[in-house]
Amino acid sequence: MIEKTVLDCLEANDLTAYMEVPETFPTGDFCVVEKTGSSYNNKIFSATIVIQSYSDSLYGASQLNEAVKGIMLNDLLEEDEIGSVDLNSDYNYTDSETKRYRYQAVYDITHY
């Protein structure tokens, strides 16, 4: 499962990461990994993965987002099942309802 591979890679780089926001909202910096789409063609899988970077400040969220981008675009490629990782987009995605600072990055990943 590609989400687990991404989650494990983030955690191996000392980031706190979840597959969903915990019921009790954590303090400090953390990431949430979500697969928003996938496809399969010629025995090759591709997935769209979204990573939301949360922090107590907007600056902290942007810094965490930059750290995540470095991990995704470098370290994740070292995994045997990963063919390519492309950053589709990243942007401020502060939750106006909960007033939680976050950035969101969207990745297109080819995997086997």
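**Entry 1: the model**

I noted that this is a predicted model, in which local features need pLDDT of at least 70, side-chain atom pairs count only at pLDDT 80 or more, and totals for chains, interfaces and linings use all residues. Residues are numbered from 1 along each chain as its sequence is written, and side-chain values use heavy atoms, with hydrogens and water left out.

**Entry 2: salt bridges**

I wrote down the general point that side chains of opposite charge can pair when their charged atoms come close. For a salt bridge I used this rule: a side-chain nitrogen of Lys or Arg within 4 Å of a carboxyl oxygen of Asp or Glu. With it I got three salt bridges.

I began with the network. Glu66 pairs with Lys69, and their closest N and O atoms are 2.9 Å apart. Both residues sit in helix 2, three residues apart, which is about one turn of the helix. I took helices (H or I, at least four residues) and strands (E, at least two) as DSSP runs, numbered from the N terminus.

Lys69 also meets Asp90 in a salt bridge, at 3.1 Å from N to O. Here Lys69 is in helix 2 and Asp90 in strand 4, so the pair ties together parts that are 21 residues apart in sequence.

I then checked how covered these residues are. The classes are buried (under 20% relative accessible area), exposed (over 50%) and partly exposed (in between), with a 1.4 Å probe and protein chains only. Lys69 is buried at 14% relative accessibility. Glu66 is partly exposed at 46%, and Asp90 is partly exposed at 26%.

I also found Asp8 and Lys4 joined by a salt bridge of 2.8 Å, N to O. Both lie in helix 1 (residues 2–12), four residues apart, about one turn of the helix. Asp8 is partly exposed at 34%, and Lys4 is partly exposed at 40%.

**Entry 3: aromatic rings**

I noted that a pair of aromatic rings is described by the distance of the centres and the angle of the planes. Rings of Phe, Tyr and Trp (its six-membered ring) pair if their centres lie within 6.5 Å; planes under 30 degrees apart are stacked, over 60 edge-to-face, and the rest tilted. The structure holds six aromatic pairs.

One of them is Phe25 with Phe30, an edge-to-face pair with 5.3 Å centre to centre and 75° between the planes. Phe30 is buried, with a relative accessible area of 1%, whereas Phe25 is partly exposed at 25%. I looked at Tyr40 and Phe45 next: their centres are 4.5 Å apart and their planes at 50°, so this pair is tilted. Tyr40 is partly exposed at 49%, and Phe45 is partly exposed at 37%.

Which residues form one aromatic cluster? I listed Tyr18, Phe25, Phe30 and Tyr54.

**Entry 4: a charged patch**

Last, I looked at a patch of negative charge on the surface, where Asp75, Glu78, Glu79 and Asp80 gather. A patch takes residues with over 30% relative accessible area and no salt bridge, and like charges are joined within 9 Å. Asp and Glu count as negative.

Where is Asp80? I placed Asp80 in the loop between helix 2 (58–75) and strand 4 (82–92). Is Asp80 buried or exposed? Asp80 is exposed, with a relative accessible area of 76%.

Methods:
Patches are made of residues with over 30% relative accessible area and no salt bridge: like charges are joined within 9 Å, nonpolar side chains (Val, Leu, Ile, Met, Phe, Trp, Tyr) within 5 Å. Accessible areas come from the Shrake-Rupley method with a 1.4 Å probe; for residues, only the protein chains shown count as cover. The place of a charge is taken as NZ of Lys, CZ of Arg, CG of Asp or CD of Glu.
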